[in-house]
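Dear colleague,

Please find below the structure that I am handing over to you. A summary of the findings follows it.

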Amino acid sequence: MEPEQVLHSRRALTLRFDIPISRTHEFWDALKQGRFVTTKCSKCGNVSFPPQADCPKCMSNEFKWVDLGREATLVTYTYVQITPASFADSDPYIIAIGELADGLKVLAWLEGIAPENAKLGMKMRVEARTSKEGNPYYVFVAA
Ligand SMILES: [Zn+2]
């Protein structure tokens, strides 16, 4: 069998992306102020996270903003030791799924805790942060 012909490249890959947020920018504006909010469909009442300008249940495009609680319970997590290229500058990190009091699930990094101390069912809290580019984002911390 002929060996597969391949071009090898060792160049670093740089990712740049612009995410349109025209209809959900209020989420980021609120996060900058330390508030954690999401969308609630005005037609069927479905609460989505992440915020959805178009309801995934009934497709209505009418919604209002509601405050989410910041308390969450750790549902599952993974400890990423071999970081992907886009996080090559990061130390190993924990990605967690937390369940809010109303049952919504949120995916975020769990910061400030050693992986051996992360326990399913532990209480966490959502906190707002700002990236070095100046973008707001959110993480979990142990409550
Ligand atoms: Zn709806």
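**The strands and their pairing**

Threonine 39 stands opposite serine 48 in E2. Strands, like helices, are DSSP runs numbered from the N terminus (strands E, at least two residues; helices H or I, at least four). The model is a predicted one, in which local features need pLDDT of at least 70 and side-chain atom pairs count only at pLDDT 80 or more, while totals for chains, interfaces and linings use all residues. Residues are numbered from 1 along each chain as its sequence is written, and side-chain values use heavy atoms, with hydrogens and water left out.

E1 and E2 run antiparallel and are joined by 2 bridges; two strands pair if DSSP finds at least two bridges between them. These strands belong to an open sheet of 3 strands, in the order E2-E1-E3, with antiparallel pairing. E2 and E3 each have a single partner strand and stand at the edges, so one side of each lacks a neighbour in the sheet.

Further along, strand E4 (residues 71–80) pairs with strand E5 (residues 93–100) in the antiparallel sense over 8 bridges. Here threonine 78 stands opposite isoleucine 95 in E5. E5 is also joined to strand E6 (residues 105–111) by 6 bridges, and the two run antiparallel. Alanine 96 stands opposite alanine 108 in E6. The hairpin of E5 and E6 has 4 residues between the strands, and glycine 103 takes a positive phi near 95° in it.

**The zinc site**

Which protein donors does the zinc ion have? They are Cys41 (SG), Cys44 (SG), Cys55 (SG) and Cys58 (SG), lying 2.3 Å from the ion. Donors are N, O and S atoms within 2.8 Å of the metal (3.2 Å for Na, K and Ca); water is not among the atoms, so sites may look incomplete. Along the chain, the donors of the zinc ion follow the spacing C-x2-C-x10-C-x2-C. Cysteine 44 lies in the loop between strand E1 (37–41) and strand E2 (47–48), and cysteine 55 in the loop between E2 and strand E3 (63–67), so the pair ties together parts that are 11 residues apart in sequence.

Cysteine 55 is buried at a relative accessible area of 5%, whereas cysteine 44 is partly exposed at 41%. Buried means under 20% relative accessible area, exposed over 50%, and partly exposed in between (1.4 Å probe, protein chains only).

**Salt bridges**

The count comes to 6 salt bridges, each being a side-chain nitrogen of Lys or Arg within 4 Å of a carboxyl oxygen of Asp or Glu. One of them joins the side chains of glutamate 99 and lysine 105 (4.0 Å, N to O). Glutamate 99 is partly exposed, with a relative accessible area of 31%, and lysine 105 is likewise partly exposed, at 45%.

Arginine 129 and glutamate 111 also meet in a salt bridge (2.3 Å, N to O). Arginine 129 lies in strand E7 (residues 123–130) and glutamate 111 in strand E6, so the pair ties together parts that are 18 residues apart in sequence. Another salt bridge is formed by the side chains of glutamate 127 and arginine 125 (2.7 Å, N to O). Through shared partners, salt bridges join Glu111, Arg125, Glu127 and Arg129 into one network.

With kind regards
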